[in-house]
Amino acid sequence: MSESTSAKQMQKKITTSDDSMKSGLEDRIDRYKAAAINKIQFSIITKPAIISLVALFLSFFLDLSTVPILGNITVKLAKILFPTWKPVTESFTPYSFWWLPVLVYVFYLLLAFAAFTKLKKEVIRTPASETIDKIISAYTTIIDSISMALPLIGAALLLISIKLGEEVFLGLSVPFEVKALIILALGKLFEPVLDQMSLEFQNVVNHVTEMRDKYYSKLQLRNTQSIIRQLSLQQNNLISGKLPELSTQDIETYKSALNQTVQMSQQILSNYSQIYSLLEKINGITNLSSEKVIELKSLAQSISTAAQSLSDEKTLTGLKSLESIIKK
């Protein structure tokens, strides 16, 4: 069996092993996602919802009309605070809107449950921070819109009712505006509920990302070590006079891989040359101007781009191609 055939068989074994490792990784990730997400229950909103529930309860004490069980709670509180005070006799009874905050709060809960259901579905399919942010942002926008819209509608009613008279103003517009402002407060206090859901699902995404990072780090290390071993073997063959047999296509592929490697090396060399040049300039000054700060930021971006290219999956593919050519 020739050396080239043996190298090809070895490369085939390595590729098969890599595919098997990647398939095993995806299986582990799928199992982890299913188990972790199933553990997340809608009851996680209980603690962050306590503050908004307390505000909802207090809303019954802020009403110009009667409320269930408590009666005309506002008049009762006024008598407690001011014992000598006597309520003004009115010829009309204000409308009761005690149910409005309750109705809106129930709608908030339904929106939270819808967001929870969508997060469970989407995170299993696409475990990414961007997915969570988009879903939470969409439902937060809906809650904020409702919270802001009702007080604005109430303000419009107030302006209209001024012309319509005291009965409409105090009997309809003012009670509605009071409850609308309470709903605005409830909407702001309800936001921690969505934040808590985002945090729980983000923990799952972070763990999945960590699992993938560890896998690709190990794969890159393994391929690098394999390339080094093959380079050492080829060097020994050259020293002993054994030259590998390469076809024209292999030579062209080899040249292409080497050109990509040279370009990457030139990029890294250029970045380090910029660092050295900039350090020389910094040594000669005491204060950095805004232009120097911009130059530093540009250099940092260049270094970051080069560093990212070394861990990119396409770079790994290039390394594998280079490794297969060397082994031939």
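Modeller: Here are the labels and the reasoning behind them; note that this is a predicted model.

Biologist: Why is Ser198 called buried?

Modeller: Ser198 has 16% relative accessibility. Buried means under 20%, so Ser198 counts as buried.

Biologist: Where does Ser198 lie, and what is it in contact with beyond its neighbours within four places in sequence?

Modeller: Ser198 sits in helix α6, residues 166-240. Leaving those neighbours aside, Ser198 contacts Ile132 and Ile136.

Biologist: Now the rings. How many aromatic pairs does the structure hold?

Modeller: There are 9 aromatic pairs. One of them joins Tyr105 and Phe190, with ring centres 5.7 Å apart and planes at 85 degrees.

Biologist: What makes the Tyr105 and Phe190 rings a pair, and why is that pair called edge-to-face?

Modeller: Centres must lie within 6.5 Å, and theirs are 5.7 Å apart. Planes over 60 degrees apart count as edge-to-face. At 85 degrees, this pair is therefore edge-to-face.

Biologist: Why do you say that this pair ties together parts apart in sequence?

Modeller: Tyr105 is in helix α4, residues 99-125, and Phe190 is in helix α6, so the parts tied together are 85 residues apart in sequence.

Biologist: Why is the pair of Tyr108 and Phe190 called tilted?

Modeller: Their planes are at 40 degrees, with centres 5.6 Å apart. Stacked needs under 30 degrees and edge-to-face over 60, so this pair is tilted.

Biologist: How do you know that Tyr108 and Phe190 are buried?

Modeller: The cut-off is under 20%. Tyr108 has a relative accessible area of 0%, and Phe190 has 1%. Both are therefore buried.

Conventions
Residues numbered from 1 in each chain as written. Predicted model: local features only at pLDDT ≥ 70, side-chain atom pairs only at ≥ 80, totals over all residues. Heavy atoms only, no water. Helix = DSSP H or I, 4+ residues; strand = E, 2+ residues; numbered from the N terminus. Buried < 20%, exposed > 50% of the residue type's maximum accessible area, 1.4 Å probe, protein only. Contact = heavy atoms within 4.5 Å. Phe/Tyr/Trp six-rings, centres within 6.5 Å; stacked < 30°, edge-to-face > 60°.
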